[in-house]
Amino acid sequence: MKALIIGSGMAGPAAAMALQRAGVDATVYEAHAGGAENVGVFLTLGSNGIDALRAIEADAAVGAAGFETPGIDMVSTTGKALGRVRTSRPDGDITSRTLKRADLYRGLRDEALRRGIRIEHGKRLVEAQDTGDGVRAVFADGSEEYGDLLIGCDGLHSTVRGLIDPAAPAPAYSGLIGLGGYTRGVPVNTEVGSYQMVFGKRAFFGYAPAPDGEVWWFANLPRQDEPARGEVEAIDAEQWRRRLAALFADDAGPAAELIRASQEITPASPMHAMLGVPAWHRGRMIVIGDAAHAPSPTSGQGASLSVEDAVELAKALRDLPTIEGAFAAYEALRRPRVERIVKQAARINNNKAAGPVGRIVRDLLMPLLLPRLANGEQSRQTYGHHIDWDASAVGEDGGLARQ
Ligand SMILES: Cc1cc2nc3c(=O)[nH]c(=O)nc-3n(C[C@H](O)[C@H](O)[C@H](O)COP(=O)(O)OP(=O)(O)OC[C@H]3O[C@@H](n4cnc5c(N)ncnc54)[C@H](O)[C@@H]3O)c2cc1C
């Protein structure tokens, strides 16, 4: 069996490696000619994402980059501690990791290449057809490829999603603009590994000191109407520096100082989510990762869910006799989990963009609710998720194995 994988972000190389272990030959086709996009941006790969990589013995590919993030401390506008969100597996065996997106992409891609997987760059998929006994992919450079199945790992603005279902919804704007930066020379009163997130008066701010003394930070700015394409991207770093420093001026904590002193401010972008895509697959084509279900970046789960998807899809293709059967089994297994996490992230977004009354309610309720939400069943389900590569995707009763 030969798989055509579209996109070399998170899900693409992970799917290729997982399929290789399942005995399926795969080639990855990436639109961009060079390396990773959004080079400056950083993210947190959850313990569940690292667990999924471990299932295919690829966790070492990201092991050395960035730093461990065992939990996130939520802080109010006035500096009051609202509570800690545990972001690691409850048994402590795997700790989440904050790392630059470019390092994560590169680590996965290099590991896939080391395993002999072909990754072709400069290949933008524009068209694909299920021919009944196979699938034909057409690229912008005019070339064509044939395989037994096609897996769309082409992210939030997926082409494959629209080829599966031309009526598929577009990504929804989350009401927030995101950007970040890196600062040296400003001491912060928190330890390496602690991640502080501040519900500021006008915007949301997160920062984490790295082991080398640099502080990594991000800001989420509420904005109700969706900016026109390219509008916020066109605002330069100096304008952002002034605008952000003013926005965080009244909040407790080092936000304004970190922003003013930062050596690098990454380009801003509107934050989107993708919920309720009705058709994940049709015939021999399927979408996984952000193409199927993107939680807003607020969730800290998009990358992890993409890797989980890749591994679970490979297991289903390994264990079920037909491609269509494997796709259906995969969807039944994955949809409840990913949609729960996407919805949770949307609720947090509302808190980030709260008005004056909402802020008071939030700051009163959060210390009461957070321990239950963040450290109880919800956190266990999200960060404690485990994939056993050797366990069959088909349950003992012949039905689907449950998560
Ligand atoms: C600012 C920001 C912060 C984030 N923070 C976090 C976080 O802390 N934790 C977390 O888990 N997630 C985070 N995320 C989300 C995370 O980055 C995504 O969920 C994850 O990258 C999705 O992986 P993917 O492989 O599905 O898609 P992507 O990583 O987007 O990869 C898609 C790839 O497909 C390629 N492509 C697109 N169209 C085509 C085509 N037609 N033909 C060929 N190739 C194509 C693209 O060039 C790209 O390389 C964040 C995202 C943003 C924007």
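Predicted model: local features only at pLDDT ≥ 70, side-chain atom pairs only at ≥ 80, totals over all residues.
Start with the ligand. Select the residues around it: the shell holds 32 residues, and the closest are Ala-11, Glu-30, Tyr-105, Asp-290 and Ala-303. Colour the shell by residue class and it divides into 12 nonpolar, 13 polar and seven charged residues.

On Glu-30, a side-chain N or O atom is 2.6 Å from an oxygen atom of the ligand. On Tyr-105, a polar side-chain atom lies 2.4 Å from a ligand oxygen atom. On Thr-159, look for a side-chain N or O atom 3.3 Å from a nitrogen atom of the ligand. Now display the ligand surface: taken alone, the ligand exposes 1,000 Å², and the protein buries 87% of that.

Switch to the cartoon view. The elements that give two or more residues to the shell are β2 (25-30), β3 (42-45), α3 and α8 (302-319). Select α8, which gives the most, with four residues.

Then follow α3 (101-114) to the loop between it and β8 (118-121), where Arg-115 is placed. Is Arg-115 buried or exposed? Arg-115 counts as buried because its relative accessible area is 18%, and the cut-off is under 20%.

Keep Arg-115 selected and show what surrounds it. Leaving aside neighbours within four places in sequence, Arg-115 is in contact with Met-17, Gln-20, Ile-56, Glu-57 and Ala-58. Finish at Ile-56, whose backbone oxygen is reached by the side chain of Arg-115 at 3.0 Å.

Definitions and conventions. Residues numbered from 1 in each chain as written. Heavy atoms only, no water. Buried < 20%, exposed > 50% of the residue type's maximum accessible area, 1.4 Å probe, protein only. Polar contact = N/O pair within 3.5 Å; in protein donor to acceptor, adjacent residues only side chain to side chain. Contact = heavy atoms within 4.5 Å. Near = heavy atom within 4 Å. Areas by Shrake-Rupley, 256 points an atom, 1.4 Å probe, with all protein chains shown as cover. Nonpolar A, V, L, I, M, F, W, Y, C, P; charged D, E, K, R; others polar.
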